[in-house]
Amino acid sequence: MNAVAQEHSAQEDVIQVRDLVNRFGTQAVHEHLDLDVRRGEILGVVGGSGTGKSVLLRTIVGLRRPTSGQVQVFGQDLLRLPPEQRSRIERRFGVLFQNGALFSSQNVVENIAMPLIEHAGLKRPEAEALGTVKLALAGLPPGTEHKYPSELSGGMVKRAALARALALDPEVLFLDEPTAGLDPISAAAFDQLILTLRDALGLTVFLVTHDLDTLYTICDRVAVLSQKKVLACDRLDVVAQNEDPWVQSYFHGPRGRAALDAAEQTREVK
C-alpha cells in the first residue's frame with residue numbers, strides 16, 4: 001500500500017454497504033453483501049461473469065434501488081434521504097461508465113459542460129471553458145474538445161468520459177471497466193493517470209475491472225465478488241491466497257502470473 005493510502009486507511013469509510021440484496025425477478029445477484037470503501041484508496045472490484053460487479057456500482061451511486069439492505073455514503077443512508085438531499089450527495093460522485101457513454105450528438109466539450117450547466121448552474125461559455133480544463137486534466141490534447149465521440153479512438157473516448165466524471169470535482173470516482181478494449185500501452189497509461197489523479201486530488205476510487213495489470217499496478221485493496229457476496233476484501237497478496245477455486249484460477253493462472261511478474265519487475269526498476 002502506498003503512503004497516500006496508508007494515510008487515509010486509518011480514517012473513515014466513505015462507503016458502507018450492509019446486508020445488500022439485489023434481485024432480478026426470482027434471480028438473486030447479491031445476498032447479504034457487505035463492503036467498506038476507505039477514504040483515499042483505490043479499491044479494485046473483481047469477480048466472474050454474472051457476479052454483479054456493475055450492479056453493485058450502480059446500486060451504490062443510486063442508479064438502482066436494491067431489493068433490501070443499506071448503502072451509506074459520507075455517513076448518510078442514501079435510501080432514506082429525501083430526493084433533494086440525496087441528489088446533493090450524489091453530486092459528490094463521478095462515474096465513468098462502460099464504453100464511455102458519451103452523448104454521440106454532442107461534441108466532447110459539450111458532453112463535459114452538461115453536468116456543469118445542469119448541476120452547477122454555470123452558463124454555457126463558463127461551463128465549456130471549465131470543460132477544456134477537465135480535458136487537459138484527463139490528458140487530452142487541445143483541439144479534442146470540438147470533436148465528436150465517433151471521431152475519437154477508444155483511449156480518447158475513455159479519457160473524455162473521465163473528464164466528464166471529473167466535471168463537478170467529485171470526492172469519489174466510480175470507474176466501470178475503464179481499460180476494457182484498450183491496447184496494453186493505452187491501458188497502462190490510463191492506470192497511471194488514475195493513480196496520479198487520486199494522489200493529486202485526494203480521490204477515493206471504486207474500480208470495477210478484470211484487468212490484472214490494473215489490480216497489481218494501482219489498487220490498494222481488492223474485493224472479490226463470488227457466491228452473491230464479497231468473498232474477500234484485502235490487499236491483493238492476501239486475497240490471492242484465498243482457496244476459492246475462482247480466486248486461485250484468476251490470480252494464479254498464466255495471466256495472473258504474468259501480471260505479478262510485470263509488477264515485480266516494475267518495482268525493481270523503481
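Student: How many residues lie between β1 and β2 in their hairpin, and which turn residue has a positive phi?
Tutor: Two residues lie between β1 and β2, and Gly25 in the turn has a positive phi of about 65°. Strands are DSSP E runs of at least two residues, helices H or I runs of at least four, numbered from the N terminus. This is a predicted model: local features need pLDDT of at least 70, side-chain atom pairs 80 or more, while totals for chains, interfaces and linings use all residues. Residues count from 1 along each chain as its sequence is written, and side-chain values use heavy atoms, without hydrogens and water.

Student: In which sense do β1 and β2 pair?
Tutor: Antiparallel, over eight bridges, with β1 at residues 13-24 and β2 at 27-38. Pairing needs at least two DSSP bridges. Leu20 has Leu33 in β2 as its bridge partner.

Student: New topic. Where are the domains?
Tutor: Domain 1 is 40-92 + 170-269 and domain 2 is 104-169. The bounds come from an automatic or database assignment. Their C-alpha centres are 24 Å apart.

Student: What area is buried between domain 1 and domain 2?
Tutor: About 1100 Å², with 71% from carbon and sulfur atoms. That is accessible area (1.4 Å probe) lost on putting the two parts together, summed over both.

Student: Which element gives the most to the domain 1 side?
Tutor: α7, with six residues on the side that touches domain 2.
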